[in-house]
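Take a look at the protein below. We will walk through it step by step, starting inside.

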Amino acid sequence: MGILLMSDKPVRYASSLVMSQGVGEVAARFLIEKKGHRRIAYLAPPNSNSYDFADTKYHEFMRISTKFGATTEKINFDLTKGEIVKIVQNWILEGSLPSAIYAYNDNYAIALISVLSKCGVRVPEDIDVVGTDNTDLGSILELTTVFLDIEKLAKRAAYSVVRLAAGKSLSSKRSRNDLVAELVERKTTI
């Protein structure tokens, strides 16, 4: 039996399920390459942990942002303390509203859209918003979102473990194709 890792690139010492495009990269390519945004904010919780992938999403997003000359501001805030109201009000007062927001998850995106609406900022007419996770509520509210198909990921991992247990190798090309984040474009982006 061997070791199975999930990674952004193959490693020599173990079999890997390779994530060739994570959610941060897919969101960045959509907002920057496809939509042409150059001033973007990334919203995330204040104390993200390595297991929640907030920093991974941000670093993926920043790699593409930097490559295409876009400016991305990372804003950490606590969703439960009403800090997003202050952030949006500051953007409006300073005339510094970004053209797009990429949110850590759909809940952050939905809270942001609510505050933007209360402040008179229209989504998507004035600003595009993209969430992460493809939640049921996000779907009902027609939020554009990026996500990893966890069921597909679990099936691929189980298949890989069975192959490794049988002494067989994994095809890195097949693994790479199975682990690409997906974008669902809905009404929060034009």
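Which residues does L43 touch, not counting residues up to four places away in sequence? L43 touches I75, F77, I84, W91, I101, Y102, A103, Y104, Y108 and L112. Here contact means heavy atoms within 4.5 Å.

First, some ground rules. This is a predicted model, where local features need pLDDT of at least 70, side-chain atom pairs count only at pLDDT 80 or more, and totals for chains, interfaces and linings use all residues. Residues are numbered from 1 along each chain as its sequence is written, and side-chain values use heavy atoms, with hydrogens and water left out.

Now the overall picture. The protein has seven helices and eight strands. These are DSSP runs, numbered from the N terminus: helices are H or I with at least four residues, strands are E with at least two. Of the 190 residues, 43% are buried. Buried means under 20% relative accessible area, exposed means over 50%, and partly exposed lies in between (1.4 Å probe, protein chains only). Take the contacts between residues at least 6 apart in sequence: 73% of them join residues at least 24 apart.

Back to L43. L43 belongs to the largest nonpolar core, which has 42 residues. Such a core is a set of buried Ala, Val, Leu, Ile, Met, Phe, Trp, Tyr and Cys residues joined through side-chain atoms within 4.5 Å. L43, W91, Y102 and L112 have the most contacts inside this core. The elements that give two or more residues to the core include strand 3 (39-44), helix 4 (106-118) and strand 6 (128-132). Helix 1 gives the most, with seven residues. In soluble globular proteins, nonpolar side chains tend to be buried together.

Next, helix 1 itself. Helix 1 (residues 23-34) packs against helix 2 (residues 54-67) at an angle of about 35°, with the axes 7 Å apart. Axes are lines fitted to C-alpha atoms, for helices over the stretch in contact, and angles run from 0 to 180 degrees between N-to-C directions. The residues of this contact divide into seven nonpolar, two polar and six charged. Ala, Val, Leu, Ile, Met, Phe, Trp, Tyr, Cys and Pro count as nonpolar, Asp, Glu, Lys and Arg as charged, and the others, Gly among them, as polar. V26 also sits in helix 1. V26 counts as buried because its relative accessibility is 12%. V146 is 120 residues away along the chain, yet the two C-alpha atoms are separated by 7.1 Å.

Move on to strand 6, where V129 is found. Is V129 buried or exposed? V129 counts as buried, because its relative accessibility is 0%. Among the residues V129 touches are I101, L112, L143 and T188. A109 is 20 residues from V129 in sequence, and 6.7 Å from it in space, C-alpha to C-alpha.

Most residues other than glycine have a negative phi, and most peptide bonds are trans. The peptide bond from V123 to P124 is cis, with omega near 10°. P124 lies in the loop between helix 4 and strand 6. D133 is not a glycine, but has a positive phi of about 115°. D133 is partly exposed, with a relative accessible area of 43%. E142 is not a glycine either, and has a positive phi of about 60°. E142 is found in the loop between helix 5 and strand 7 (144-147).
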